[in-house]
Every structure is written in C-alpha cells, then in structure tokens.
Amino acid sequence: MTEEILQCCYTNMSQRTDGKLSSGWQTVAVSEHIPARAYKNCAKYQKINSMIQGNVADEHGRIPNLLEICGDGEYLYVIRTQYGLVDRLGRANLFSHAYILSWGDKKVLADPNAYLTLDNENFTDNLEDASKLRETLTRIPDFTLEGALEEAGLDKERYQLLVWCVYAQMSERRITEPLYIQYGGDEHQMRAILYCIYCGIPYYMRKCLCVASTAIDSMCDKNIVFSERAEQHRYYMIPGTGENNVLTERIGQKIERYGFID
C-alpha cells in the first residue's frame, strides 16, 4: 500500500487556448484528489511568493530556495519555492512545489518527523519533474528530542526560553512581526530547532505555526523566520545563549503561571 501524496505547484507558464498563446500565474501538477480547502489555501500561500517583485535575494544576496512550513488549522503545507527562474519572455519567474498533509492524521499531529524529514529531492523546480507520479516520498533520518537539542545547542533552560519565545510570538497581540531565530546556516540544524519547537508547543499551536527558512522581503505572515543575523530584526532569539528581546518580565511571569513548559 502506497502513502497518499498530495501536492500543488505554482508558477508562471504559457499555455495555448483556441490557437492563442498566453502566459500567467497558475497552479500546475495538482493532485487529483486534493481537498478543496487544501487547494485554495496552498495556492494562496504560493501566490504570496509570486507577488514579490524584482530580484529576490536572501540575507547573503543569494538566490533563495525558500522552505516554508505553514499550518492553517486543518492542513499542513511544506513548500519549496525556487526563485531566480525566467519565463518565456525573460521575466522573473519561480517554481513553488508544495506537499500537503492533514492534521487529522494522528501520526502527523503527534510526530513532527512526518513533515520535518521530507528530503529536498522530493521538491522540483519545473513542471516536467513535478508531474511525475510518486509512490512514496524520500526522507532523511528521524529526529529524536535528545539529538535535536544537542544539534540546536540547547540545554533545558534555553529550550524553555525558546519555546516561551515562540509561544509569546503566537499569543501576544502586540507582537505582530515574526520571531527571528538565529542559526548557523545549516538546514539540518534549522530542522532540528524546529523539531524542538514543535515538540514543545501545544497541539493547537502546531496546527497554526508558519515558518520560513530565510528572510526575503516581507515575512509579516510568518511566526518564525530563521536567520544568521537574527539580532538585526525587531524580535529575535538566539538558542545557543538564550538571548532574546521577546520575553518581558510580564510575559515571562504569565507563561510561567501556565506551568508551561516544565
């Protein structure tokens, strides 16, 4: 029995209708049995990326291959967006490839490995490869909390601070911008930090957490953005030291009264 694989891709491409050639932004290589809500919301996330104009670059000036993990409460979207492409007219283009999982699947809700171990080779940057049917998705080895904490450079105290910072970003109305989390630029380390976060936050927050692997243009719709220069942003947290500018005394005391995380 093969696993159910739901995907949706988005790009600017040409198509011929009634003998006329036209081009435009559209979804492509969409799974046949994708639920209507999942399709609508996935396309919405992907469309936001296509609205970024001009030359897109990460904080080092490189063309990004953006990884996003977004929850809408019912579904989870793991999205890879390759920038730096061009369409048939030479205009800036991208290819966004998303896999969709349901929070209704108990394995997905209980184990962050369900989405954090998806290998990058599952994602493509062109329609031809995206259209090839996959019977299974390739994966990197599972994370464990002990191993992830070590890779993230977290002890018990700093782990609590990290989770509190994420909790504050998602629950405090005055915090309207993303929390930038410092990391060393290695994606596996970023996934390890995310594993720790997903393990530490309540299930209802897991379902709604939205994450981006790098800062490009506006990221106001994300809860967490990873950065090698986190301190340059309004809200930041450095897992290796616990330094952050999110947890005021009031917020810390409020969260501590919840008995969370203990």
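In this predicted model, Arg158 and Asp155 are joined through their side chains by a salt bridge, with an N to O distance of 3.0 Å. Asp155 is partly exposed, since its relative accessible area is 33%, a value that falls between the limits of 20% for buried and 50% for exposed. By the rule applied here, the structure holds 13 salt bridges.

Two other salt bridges involve Arg37. In one of them, the partner is Asp72, and the closest N and O atoms lie 3.7 Å apart. This pair connects distant parts of the chain: Arg37 belongs to helix α1, which covers residues 36-50, while Asp72 sits in the loop between β3 (65-71) and β4 (75-86), and 35 residues separate the two. Asp72 counts as buried because its relative accessibility is 16%, and the limit for that class is under 20%. Arg37, in contrast, has a relative accessibility of 40% and therefore counts as partly exposed.

The other salt bridge is formed between the side chains of Arg37 and Glu74, at 2.9 Å from N to O. Here too the link is between distant parts of the chain, with Glu74 in the loop between β3 and β4 and Arg37 in helix α1, 37 residues apart. Glu74 has a relative accessible area of 32%, so this residue is classed as partly exposed. Taken together, Arg37, Asp72 and Glu74 make up one network, joined by salt bridges that share partners. Of its members, Asp72 is buried, whereas Arg37 and Glu74 are partly exposed.

A further arginine to look at is Arg191, found in helix α7, which runs over residues 187-200. Is Arg191 buried or exposed? Its relative accessible area is 7%, so Arg191 is buried; the cut-off for this class is under 20%. The side chain of Arg191 makes a polar contact with the side chain of Glu187, at a distance of 2.7 Å.

Which residues does Arg191 touch, once those up to four places away in sequence are set aside? The contacts are Arg80, Leu116, Thr117, Leu118, Asn120, Ile140 and Phe143. Among them is another arginine, Arg80, and Arg80 falls within the range of strand β4, given as 75-86.

Note on methods
Residues are numbered from 1 along each chain as its sequence is written. This is a predicted model: local features need pLDDT of at least 70, side-chain atom pairs count only at pLDDT 80 or more; totals for chains, interfaces and linings use all residues. Side-chain values use heavy atoms; hydrogens and water are left out. A salt bridge is a side-chain nitrogen of Lys or Arg within 4 Å of a carboxyl oxygen of Asp or Glu. Helices (H or I, at least four residues) and strands (E, at least two) are DSSP runs, numbered from the N terminus. Buried means under 20% relative accessible area, exposed over 50%, partly exposed in between (1.4 Å probe, protein chains only). A polar contact is a pair of N or O atoms within 3.5 Å; within protein, one must be able to donate a hydrogen and the other to accept it, and residues adjacent in sequence count only if both atoms are side-chain atoms. Contact means heavy atoms within 4.5 Å.
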